[in-house]
Amino acid sequence: MNAQIAILQNAIDKLESNKNFSYQYVYKQKEVFSDTLIENEKYVLLKVPEDKEIGYFFRHESKYGDMKVPATDLYNGKNLISINPTDSTYNTRKVQALIFRRSLLGELNWIKTFLKKNPSKIVQTSDTTFNSINSYHLIVNTKDTIIDKDHLYVRIHLFIDKVTGLPVCRITRSRTADFGKEVTNYYTEESYFNYKIDQDNINTAYFAIPEGFHPPKEKPKEHTALFVPGKIAPDWTLYDTDDKKTSLSQMKGKIVLLDFFFVGCVPCMNTLAPLDKLHEKYMNKNFVILSISDRDSKKLVTAFKKNQRIKNQMYPNGGDVAKLYHITAAPTFYFIDQEGKIASIVDGYSDDFEKKMSAIIDNLLKKS
């Protein structure tokens, strides 16, 4: 165990010994219900010992699909700054620790901290050639248990170049119900390359907000213009995963909960179990849940519904309906009363989600 932990520590020391370093990686994510997501990413880190929170300034770039310009996050000692080149604006969020945790240095230090408490959870298997590089192959078991006769686990495979001592790849294989309400197989892979160290142009100025960028103008949420007490909800027609044609107008006389989601959205996954409970609780009380994906195909939504054993109707290819309802984030929920009027809007997920939603439904039932 000490020898294996020493290999990990050596990789951390190699990175932390530099004033700055950068690397690129290809991120692949695969679930049983979806196609493989592939992103091209880059991190640039500058050691800043006086930064008490992280100790580094960093820049994270991510590009996937048909993106022409990468999404960019910066941290320069205050908050995380997200750059939007389409309109030369930036937003600030206090999630820099979370984004740094996803960096290679953050990941390695997290594994190191885990192994301090659980030193027996690391094993070394035979050396492996990965991307033509002769590598050490370490496996860290961060979770290994049996619940209801189902084997749940999370295994991190770390491949480290035997010559340079730097990571070549990190693969995570897991079977877990940490996301959603059903046990699912997950696979992620990060292939690291193009390491650069102590570059002359990487200094504090590199992490400044680009010239000409500005905060966005304050404006109310788009859906507030639509949400007027008593306003009739816009009608729509979609086909569900069983090819059943549905229009909102057909639901008149029922209390309708419109759930705008997309597959892979973590807060959306968190709502699955409570939505199931709401479906069961109110299914005989003139209440229905209609889940609409603003971006996902029929094949993907069908597989997702089957895998997560979702009981309510689900509708793929709902982008036009999402625009009609001014959806800017997922999940977003619209309550439609029995007369077809908008009654309430709920954004996002919270720990009291089920209780909050039940209170709205009960109030609407009292009025009916």
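Which residue in S2 is the bridge partner of Tyr-27? That partner is Glu-39. The model is predicted, so to speak of local features a pLDDT of at least 70 is needed, side-chain atom pairs count only at pLDDT 80 or more, and totals for chains, interfaces and linings use all residues. Residues are numbered from 1 along each chain as its sequence is written, and side-chain values use heavy atoms, leaving out hydrogens and water.

Let us start with the sheet. Strand S1 (residues 20-31) pairs with strand S2 (residues 37-47) in the antiparallel sense over 10 bridges; strands are DSSP runs of E with at least two residues, helices are runs of H or I with at least four, and pairing takes at least two bridges. The open, antiparallel sheet has 11 strands in the order S6-S5-S4-S3-S2-S1-S11-S10-S9-S8-S7. Its edge strands, S6 (89-93) and S7 (122-130), each pair on one side only.

Angles run from 0 to 180 degrees between N-to-C directions, with axes fitted to C-alpha atoms, for helices over the stretch in contact.

| Helix | Reference strand | Angle |
|---|---|---|
| H1 | S7 | about 60° |
| H3 | S8 | about 55° |

H1 (residues 2-16) and H3 (residues 104-117) also pack on each other at about 145°, their axes 10 Å apart. Among the H1 residues that meet H3 are Ile-5, Leu-8 and Ile-12.

Finally, Cys-265 and Cys-268 form a disulfide (sulfur atoms within 2.5 Å), with their sulfur atoms 2.4 Å apart. Both Cys-265 and Cys-268 are buried, meaning under 20% relative accessible area with a 1.4 Å probe, protein chains only.

Definitions and conventions
Buried < 20%, exposed > 50% of the residue type's maximum accessible area, 1.4 Å probe, protein only. Contact = heavy atoms within 4.5 Å.
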